[in-house]
Structures are given as structure tokens and as C-alpha cells.
Amino acid sequence: EDNYDGIIIASNSLNHLNDLKNNLDYKVPILIEKPIFKNFDEYRNLTEFQKKYIFLNLEYLNAFYIQDFREEIKYRNIKLIKIIWHDPFIEKRKDSIKYSEVYTSIFIDQLLHITSILKSLGFNNNNLILDALIYRKNSDKIEIVNSYQDLKITISISRFSNNRKRKIIVNNNFELDFTKEPILIDKEKGLIKNYLKKNRLMPIAKTLKIFLLNNYKD
């Protein structure tokens, strides 16, 4: 009989749910990419052990460049934050082609990443107030407008954009662009700064390290 200390599920997202179900009987910690359940009833039916030891990869909680960006903006009078997460349907990469994941709800796909970004920036997602959900005719983007105390947070998500975009923009003049390598752009000062790794792990590697070292408190 197989004897595992833990299981990591990183298969095609279409197979995640079945792969999770097929491995629940091993009674070991499981780290899984999204999606994790079809509905909340599937979560309710888990044992207490399973509820405690199934971990969802929210990789941007561990993104060093978002944590650095949080330090950059903590003394600013922030009135507006824009988060842009756009994917083209077909993206040509260095040695492969990536197709946009269109079979999972965009809200438990892209929006899940964005909630982890907001949490990494120090926001409590439970305190967000949804003001508007906008999808314009002939548009490839969905815009979500939120209030957070005296702050406005807009989120733009797309699976059919012309280009890949990953941006956090503060007050329209200060931004983190991590579409490729993370860079800080200060439009007021004309400043561009690269966020270097400095021997720090990239987000997925950091998540895997925490899981493999059984450091579940993180």
C-alpha cells in the first residue's frame, strides 16, 4: 500500500476535483491548486481532519514583490487601487503555448488570485463592499468596483484580452507591474525600479517549501 507523507495536486484544473476525491482516503496533508470544490456542500461533507489539512495554493500571499510594494505604499494617502489581471485566450510562451482556462468560473479562478493579492496588501476581504459588477457589450473584460472604508478598489479581469497584464495601480500614478518581471513605476518622479529576488523564493516555490516543511501555520 502506498504510504505518503503528503500529496500535491497540480494536474490540469479540469481534473483537480476528481484528483482530490481520489486521494482523500490517504489521510495526509494535501496541497491543491484551484479549483478545490464544485460547491460548498462538498466542503461540509469533509471530515474534521480533511478540513484542517487540505490547503489551497494562494500563491500571491507569498509573493515577495507584493510584500515589498505594500511597504512602498503604506505611508501614502490612498484613495484608489486598481488591479488588472488580463489573460489572452492563446498566449505564446518561450517554449510552449498556454490556453486561457475557460472551464472554471472566472470568479474562482482569476478573482481568487486577486483576493490573495488584496490580503497580501493588508486588506480584509470580508470588509469589501461590492458597488458594481460591470460587463459591457462587446467587451472582453469584467470590472468589479468595491468600497473599502474611504478607499475605492476596482478589479479588471479578462480571459480574452489582447495581451497578458498583471498590475496593481495606486492613485493612478504609482504601480507594480508584474506582467513579466516585477517592476515598480512612479509616474510622478519618472522612476522605474526592478524588484530583485535577492535570494528570495518565487511565490510557488515559497508555498511548496512551507508545505514540504510542514510549516502549516504560515
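Select Arg164 and Thr179 to begin: a polar atom of the Arg164 side chain lies 3.2 Å from the backbone oxygen of Thr179. The model is predicted, so that local features need pLDDT of at least 70 and side-chain atom pairs count only at pLDDT 80 or more, while totals for chains, interfaces and linings use all residues. Residues are numbered from 1 along each chain as its sequence is written, and side-chain values use heavy atoms, with hydrogens and water left out.

Staying on Arg164, show the loop between strand S9 (151–158) and strand S10 (165–170), where this residue lies; strands are DSSP runs (E, at least two residues) and helices likewise (H or I, at least four), numbered from the N terminus. Arg164 is partly exposed, with a relative accessible area of 26%, a class that falls between buried (under 20%) and exposed (over 50%), using a 1.4 Å probe and protein chains only. Leaving aside neighbours within four places in sequence, its contacts (heavy atoms within 4.5 Å) include His86, Asp87 and Glu91.

Next, turn to the aromatic pairs, of which the structure holds 13; rings of Phe, Tyr and Trp (its six-membered ring) pair if their centres lie within 6.5 Å, and planes under 30 degrees apart count as stacked, over 60 as edge-to-face and the rest as tilted. Select Tyr4 and Tyr26, whose ring centres are 5.1 Å apart with planes at 70 degrees, so the pair is edge-to-face. Tyr4 is in the segment before strand S1 (7–9), and Tyr26 is in the loop between helix H1 (16–23) and strand S2 (30–32), 22 residues apart.

Finally, select Tyr60, Phe64, Tyr65, Trp85 and Phe178, which ring pairs link into a cluster.

Note on methods. A polar contact is a pair of N or O atoms within 3.5 Å; within protein, one must be able to donate a hydrogen and the other to accept it, and residues adjacent in sequence count only if both atoms are side-chain atoms.
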